[in-house]
Amino acid sequence: MTATTAIEVTALAKQYGNITALQGANLSVPEGALYALLGPNGVGKSTLIRALVGALRPTSGSVRVLGLDPLRERGELRRQIGYMSQSAALYADLSARDNVAFFGGAHGEEGLESRVEEVLELTDLAGRADDRVHTFSGGMRSRVSLATALVHRPRVLLLDEPTAGVDPYLRARFWELFRQLTTEGVTILISTHLMDEAVLCDRVAILMAGTVIADEPPATLLERGRTRLSVREGNRTDELEIDGQPQALAAALRSYGLRESVEAVSVRPDSLEDVLLALIAGEQEAQR
Amino acid sequence: MRRTLLVTRRVLTQLLHDRRLLGLSLIVPLVIVYFLKLFLDTMPPGFDAARYAVPVAAFLVHFLAFLLSAMVLVQERTAGTLERMFINGYRRPEIIGGYLLGYLGLATLQAVGALTAVLLLFGLRYGAGTLATLFVVIWLLAIASVMLGIFISTFARHEGQVFPFVPLITVPSVFLSGLMVDPARLPAWADWLGRALPLRYANNVIQEMIRPGGALADTWLNVVALLGYIVVLLALASRTMREVE
C-alpha cells in the first residue's frame with residue numbers, strides 16, 4: 001500500500017452461510033479520487049462498502065482504509081470516514097438538525113454546532129432543519145443522510161447508492177458536491193448501478209459475482225466497447241463494426257477517402273452500459 | 001460518558017416527541033390496576049388484596065419496561081441507526097448505558113403512577129419507610145426490565161423475533177416469582193427457574209415490606225440480587241449486542 005492509497009482491498013471474501021457475497025475482490029483507491037463501484041444489484045457492492053466501514057467481518061482477505069484495519073483500529077478510523085447506507089438510517093421522529101448533531105456528536109468535534117449548520121446549508125436543508133425527518137421526501141432524507149456523513153469532516157466518504165430515489169436536479173447537486181469535496185482532498189467511493197453517474201468518476205471498478213472484473217477510468221472502459229459505423233455512398237450503405245479506439249475509426253474511413261460520393265457517415269459507439277453488459281456477459285461465459 | 005449522555009438526550013427527546021407512547025405507557029398501568037381492583041373486589045371478605053395488588057403493579061411496570069426497551073432497540077437495528085451509531089464511534093456500553101439512563105425517567109414515572117394507583121384504589125396505608133422501599137424496589141425492577149429488554153433485543157433481527165420472548169419471559173414471571181403462589185411449594189427446578197426472573201426478587205421485597213412487622217433488614221439480600229441482576233445484564237448485553245456482522 002503506497003502512502004497515497006486511501007483504500008486497499010486485497011482478496012476480500014465474504015460468505016453468508018451458503019451465499020457468497022464477495023470472492024477475492026481487489027481494489028486500490030488513491031487519496032482524493034472519486035471512485036465508482038459499479039455493478040448490477042446483488043453483486044456485493046454494499047458488502048464491500050460495509051467491510052470498509054467495519055460493519056462486517058470478512059471471511060478472508062484484508063481491508064485497509066487510510067492504512068487502518070476497520071475492525072482492529074475502528075476507534076481511530078471512524079473519526080476519518082463518513083458513511084451513507086442505502087437506507088437513510090435516520091431517526092424519523094427527530095429533526096434534521098437533531099439527527100446530524102447526534103451522529104456528529106460521537107466524534108467530539110470542536111465547534112459542532114456551527115459545523116452542523118454548515119453541512120445543513122451545504123445540503124440545502126437549512127430551511128427545513130427543524131422539521132422532523134418523517135415529514136421529508138426520500139430525496140430530502142438522502143440529503144440529511146449525506147449531511148450526517150459529512151459533519152465530522154471525514155477524509156474518506158463511503159457512499160452506498162447515495163442518489164437512489166433522488167430527482168435529477170438533486171443528483172446533479174450531489175455530484176457537484178462530490179467533485180468539490182475531492183478537490184479538497186476527500187476520497188470518495190460511491191456504489192452505483194447508474195452508468196451516467198459512473199462516467200463522472202475518475203475511475204470505475206466493475207464488480208461482478210463478488211469480484212472486481214475491471215478497474216479503469218471511464219474513458220478507457222469506453223474504448224473497450226465496439227463502434228458501429230454506417231457509411232452511405234450512392235445507393236450502397238456499408239454497416240461496419242470496429243473497436244472503440246479512435247485509430248480504428250480513422251482506419252475504417254480511410255478506404256472511403258472522404259469522396260464526394262460519401263453522403264453520410266453515422267457513428268454509434270458503445271455506451272458504458274453496453275461495455276458493462278459485454279463485460280458481464282464475458283464473465284458469465286468464462287464461469288460456465 | 002459524553003457519548004452515553006448524548007444517547008440519553010436523544011432517547012429522552014424521542015420519548016418526549018412521542019406523546020402517544022408516553023401517555024399510553026403511563027395510563028395503561030393505571031387502567032389495568034383498576035381492572036385488578038374490580039376483579040379482587042369479587043373475592044370473599046377477609047381476602048388479602050394487598051398481597052396481590054402491589055406485586056401486580058410491579059409486574060405491570062416490569063412488563064411494559066421490558067417490552068418497550070426490547071422493541072425500541074430492535075427498531076434501531078432494522079432502521080440501520082444502530083449500525084450508524086457504531087460506525088460513527090458510539091460503543092456498546094455507551095449505547096446501552098444511554099438507553100438505560102433515558103428510560104430511567106419513564107420507569108420512575110411508571111413506578112410512581114402504578115404504586116400510587118394501587119395505594120389509592122385499594123385504600124392501602126403504609127409508613128413512609130415502607131412506601132419508599134416499595135417505590136425503590138419497583139423502580140429497580142423497572143431498570144432490570146429495561147436491561148432484560150435490551151439483552152433480549154440483541155438476539156432479534158427484527159420486531160417479529162422479539163414477540164416469542166415476551167410470553168417466554170413475562171408469563172413465567174407470574175407463576176414462578178411468588179406472585180400467585182409461594183415458590184417453596186413449586187417443584188425444585190421451577191423454584192430455581194423462578195430465581196432467574198427479576199420479578200422474583202422484587203416480589204420477595206414487596207411481600208416482606210407489606211407484611212405487618214416486615215423490615216427491609218430481613219430482605220436486603222433480595223435488593224442486592226436485583227442490583228446484581230442489573231449489573232450482570234448490563235455486562236451480558238454489552239457482549240451480545242452485535243457490532244459486526
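Analyst: Two strands pair if DSSP finds at least two bridges between them; strands themselves are DSSP runs of E, at least two residues long, and helices are runs of H or I, at least four long, both numbered from the N terminus. This is a predicted model, in which local features need pLDDT of at least 70 and side-chain atom pairs count only at pLDDT 80 or more, while totals for chains, interfaces and linings use all residues. Residues are numbered from 1 along each chain as its sequence is written, and chains are lettered from A and ligands numbered from 1 in the order in which they are written.

User: What is the order of the 6 strands in the open sheet of chain A?

Analyst: The order is β5-β6-β7-β3-β8-β9, and the pairing is mixed. From one strand to the next, the twist averages 15°.

User: What makes β5 and β9 of chain A edge strands?

Analyst: β5 (81-84) and β9 (211-216) each pair on one side only.

User: How do you know that β8(A) and β9(A) pair?

Analyst: DSSP must find at least two bridges; strand β8 (residues 203-208) and β9(A) have 5, in the antiparallel sense, so the two strands pair. One bridge joins A:V204 to A:E216 in β9(A). The two strands form a hairpin with 2 residues between them, and A:A209 in the turn has a positive phi of about 50°.

User: In what sense do β3(A) and β8(A) pair?

Analyst: They pair in the parallel sense, over 4 bridges. A:L38 has A:I206 in β8(A) as its bridge partner, and A:I206 stands opposite A:A214 in β9(A).

User: What makes β8(A) mostly covered?

Analyst: Of its 6 residues, 5 are buried. A residue is buried if 20 or more other C-beta atoms, placed from the backbone, lie within 10 Å of its own, exposed if 12 or fewer, and partly exposed in between.

User: Why does A:E161 count as buried?

Analyst: A:E161 has 22 C-beta neighbours inside 10 Å, so it counts as buried. This residue lies in the loop between β6 and α6 (168-183) of chain A. A:E161 also has a positive phi of about 45° although it is not a glycine. Most residues other than glycine have a negative phi.

User: Why does A:A11 count as partly exposed?

Analyst: A:A11 has 13 C-beta neighbours inside 10 Å, so it counts as partly exposed. A:A11 lies in strand β1 (residues 5-16) of chain A, and has a positive phi of about 45° without being a glycine.

User: Which residues meet where α3(B) and α5(B) touch?

Analyst: Among them, B:A50, B:L60 and B:L73 are on the α3(B) side, and B:Y99, B:Q110 and B:F122 are on the α5(B) side. Contact requires C-beta atoms, placed from the backbone, within 7 Å.

User: How many residues of chain B are in contact with chain A?

Analyst: 19 residues of chain B are in contact with 24 residues of chain A. α1(B) gives the most to this side of chain B, with 7 residues.

Terms used
Two residues are in contact if their C-beta atoms, placed from the backbone, lie within 7 Å. Axes are lines fitted to C-alpha atoms, for helices over the stretch in contact, and angles run from 0 to 180 degrees between N-to-C directions.
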